[in-house]
Amino acid sequence: MKKLFFILAFCAGLESRACEVTLPHQLVILNPQETQTSPLRSNGCGPALLKDLFQTLAGLQGRINSFQLLEIMAGKGHTLKVSPQVLHVQQLKNIIREQLPLPAGVQVKEIKISDLGSTLDLSTGDRVELICDQCHYGQDQLLSLNVLGFAGDERNFQVKVDFRKMVKSYRLTAPLNSFADVTAHGLKEEYVESIPHTDLVTDLSTLRFYKTNKPLKSGDLLRLSDLNAVNLVRAGLQIEVILENELIKVKTNGISRNNGALGDTVEVFQPQKNKKYQGRVIDVNKVLVEL
């Protein structure tokens with residue numbers, strides 16, 4: 001009998017010391033990186049459990065039922081109690097994307113929180129409003145973060161955000177030798193952060209007019225500096241000449257006096273009229289003369 005009493009008492013003690021976490025009805029994740037002090041209100045919870053719980057919440061978005069959260073935590077080897085039964089999780093990065101008119105290709109790189117911590121607790125009915133006056137979507141952009149309460153109250157904060165411009169690029173799926181043709185089927189499209197002077201190839205429409213100027217490895221990003229333009233017209237050969245102004249467009253033939261790659265200016269001689277023109281190379285054996 002005494003043994004049973006001790007077992008029951010021990011179980012009751014474990015129950016009283018069970019980890020309990022109280023979350024707000026709405027939780028905005030400001031900084032997904034774990035801080036030294038857990039932003040979650042808890043009782044009887046170890047630091048490892050709280051860290052895993054916070055990292056779990058930092059990866060969620062939208063309406064979350066407590067039993068779903070408990071199942072995720074059980075999969076990580078943790079047992080706890082969570083209230084309330086329904087929680088609405090928002091990521092500040094997603095709020096920025098939803099509320100600010102981000103230019104095409106611009107993404108949030110980093111959110112710099114000074115005194116707000118890792119989360120922002122909201123009551124039922126509260127909503128977040130973001131304002132960025134004179135935003136250039138570069139580094140250290142100052143945003144006003146306003147919490148508009150259901151009862152008409154308002155809380156105001158400021159956060160700094162680093163934005164980044166993403167551009168289309170192409171990565172080689174196989175190595176290439178020097179003086180090789182580059183074709184679209186040997187490239188994989190992806191978006192990378194735009195950094196000045198990276199010289200990335202972003203358009204494949206004129207790729208056929210270039211060859212590699214050095215060996216390239218599989219996985220390299222293709223850059224303009226990796227390519228040399230090939231001559232599309234050659235001196236002394238007959239070419240197609242397009243004479244064009246605002247009113248007319250005439251196609252005729254002529255003789256190129258120079259070698260020229262795409263975009264180069266070459267001299268063209270038209271024997272029929274004994275005239276010389278300066279034109280721009282636009283394709284293989286084709287020059288545009290703007291009158």
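Before I look at the surface, one cut-off: I call a residue buried under 20% relative accessible area, exposed over 50%, and partly exposed in between. Also for the record, this is a predicted model.

I then checked Ile248, which sits in the loop between β15 (238-244) and β16 (249-256). Its relative accessibility is 43%, so Ile248 goes down as partly exposed.

**Ser256.** Next I went along to Ser256, which is in strand β16.

**Helix α2.** I turned to α2 (residues 47-57) and noted its buried residues: Leu49, Leu50, Leu53, Phe54, Thr56 and Leu57. Looking down the axis of α2, I get these buried residues within an arc of 160 degrees, so they line one face of the helix. What do the buried residues of α2 pack against? I have β1 (20-22), β2 (26-29), β3 (41-43), α3 (66-75), β6 (86-91) and β8 (119-122) on the list.

**Helix α3.** Here the buried residues are Ser66, Leu69 and Met73. Down the axis of α3 they fall within an arc of 60 degrees, so they too line one face of their helix. On the face of α3 turned away from the buried side I found the exposed residues Glu71 and Gly75. The cover over the buried residues of α3 includes α2, β4 (62-65) and β5 (81-83). Just after α3, I noted a positive phi of about 85 degrees at Gly77.

**Cis peptide.** I went through the omega angles and wrote down a cis bond joining Ser83 and Pro84, with omega about 5 degrees. Pro84 belongs to the loop between β5 and β6.

**Positive phi outside glycine.** I noted Gln134, with phi about 55 degrees. Gln134 is in the loop between β9 and β10, and it counts as exposed because its relative accessibility is 71%. I also noted Asn274, where phi is near 55 degrees. Asn274 lies in the loop between β17 (265-270) and β18 (275-283). At 60% relative accessibility, Asn274 is put down as exposed.

**Aromatic rings.** How many aromatic pairs does a search of the whole structure find? The search gives 1. The pair is Tyr137 with Phe163, edge-to-face, at 5.1 Å centre to centre and with 80 degrees between the planes. The two residues are 26 apart in the chain, with Tyr137 in the loop between β9 (127-131) and β10 (141-148) and Phe163 in strand β11 (residues 154-172), so I wrote this down as a link between distant parts of the chain. I checked cover on both partners. Tyr137 counts as buried because its relative accessibility is 16%, and Phe163 is buried too, with a relative accessible area of 2%. The loop that holds Tyr137 is also where I placed Gln134, which is exposed.

Key. Residues numbered from 1 in each chain as written. Predicted model: local features only at pLDDT ≥ 70, side-chain atom pairs only at ≥ 80, totals over all residues. Heavy atoms only, no water. Helix = DSSP H or I, 4+ residues; strand = E, 2+ residues; numbered from the N terminus. Buried < 20%, exposed > 50% of the residue type's maximum accessible area, 1.4 Å probe, protein only. Phe/Tyr/Trp six-rings, centres within 6.5 Å; stacked < 30°, edge-to-face > 60°. Arc of directions from axis to C-beta. Contact = heavy atoms within 4.5 Å.
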